[in-house]
Amino acid sequence: MSADDARAVRGLEEVKRSFNVCFGGPAGQAVLIYLADFCRAAESCVAIGSKGGPIDMNRTMILEGRREVFLEMQKFLNLTPEHLFLLATGRSYRTGDTDDE
């Protein structure tokens, strides 16, 4: 790993640590539960118009933006800094790998 890559990983470690401090306790968990619902973490973001009309594209895009933010937060809470770095730089990793590729 290059010096620039190592610096980027350290930056991701700091952000991940901040996420864990924010959301690791009971209050943070309550916020995540609320955001999971608000951001439609486990449901479709497609918004059907009133009375079963056509898809409301503007509302759908707003909901998808919410979901994208939640997924980004989830990624930081669930992945190692090294895995975050690999994904951010377009590289893949095998589940269970902790070594650099």
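**Ground rules**

I number residues from 1 along each chain as its sequence is written. The model is predicted, so local features need pLDDT of at least 70, side-chain atom pairs count only at pLDDT 80 or more, totals for chains, interfaces and linings use all residues, and side-chain values use heavy atoms, with hydrogens and water left out.

**Entry 1: H1 against H3**

I looked up how helix H1 (residues 3-23) sits against helix H3 (residues 57-78). Helices here are DSSP runs (H or I, at least four residues), numbered from the N terminus. The two axes come within 9 Å and cross at roughly 100°. H1 is therefore roughly perpendicular to H3. The axes are lines fitted to C-alpha atoms over the stretch in contact, and angles run from 0 to 180 degrees between N-to-C directions. Roughly perpendicular covers 65 to 115 degrees.

Next I listed the residues that meet, with contact taken as heavy atoms within 4.5 Å. H1 brings Leu 12, Val 15, Lys 16, Phe 19, Asn 20 and Phe 23. H3 answers with Met 73, Phe 76, Leu 77 and Asn 78. By class, this contact has seven nonpolar, two polar and one charged residues. For the classes, Ala, Val, Leu, Ile, Met, Phe, Trp, Tyr, Cys and Pro count as nonpolar, Asp, Glu, Lys and Arg as charged, and the others, Gly among them, as polar.

**Entry 2: salt bridges**

How many salt bridges does the structure hold? I noted two. The criterion is a side-chain nitrogen of Lys or Arg within 4 Å of a carboxyl oxygen of Asp or Glu. Side chains of opposite charge can pair when their charged atoms come close.

I then checked accessibility (buried is under 20% relative accessible area, exposed over 50%, partly exposed in between; 1.4 Å probe, protein chains only). Asp 4 is exposed at 52%. Arg 7 is partly exposed at 46%.

Glu 72 and Lys 75 also form a salt bridge, at 2.9 Å from N to O. They lie three residues apart in helix H3, so again about one helical turn lies between them. Glu 72 is partly exposed at 36%, and Lys 75 is partly exposed at 29%.

**Entry 3: Thr 60**

Is Thr 60 buried or exposed? I have Thr 60 as buried, because its relative accessibility is 7%. Thr 60 lies in helix H3. Leaving out residues up to four places away in sequence, Thr 60 touches Cys 45, Val 46, Ala 47 and Ile 55.

**Entry 4: positive phi in the loop**

I looked at Arg 40, placed in the loop between helix H2 (26-38) and H3. Its phi is near 55°, a positive value in a residue other than glycine. Arg 40 is partly exposed, at 22% relative accessibility.

Lys 51 is also found in the loop between H2 and H3. Its phi is positive too, about 60°, although Lys 51 is not a glycine. Lys 51 is exposed, with a relative accessible area of 87%.

**Entry 5: a distance from H2**

I picked Ala 30, which lies in helix H2. Ala 30 is partly exposed at 45% relative accessibility. From Ala 30 to Glu 64 I noted 22 Å, C-alpha to C-alpha. In sequence, Ala 30 and Glu 64 are 34 residues apart.

Definitions and conventions: Helix = DSSP H or I, 4+ residues; strand = E, 2+ residues; numbered from the N terminus. Parallel < 35°, antiparallel > 145°, perpendicular 65-115°, else oblique.
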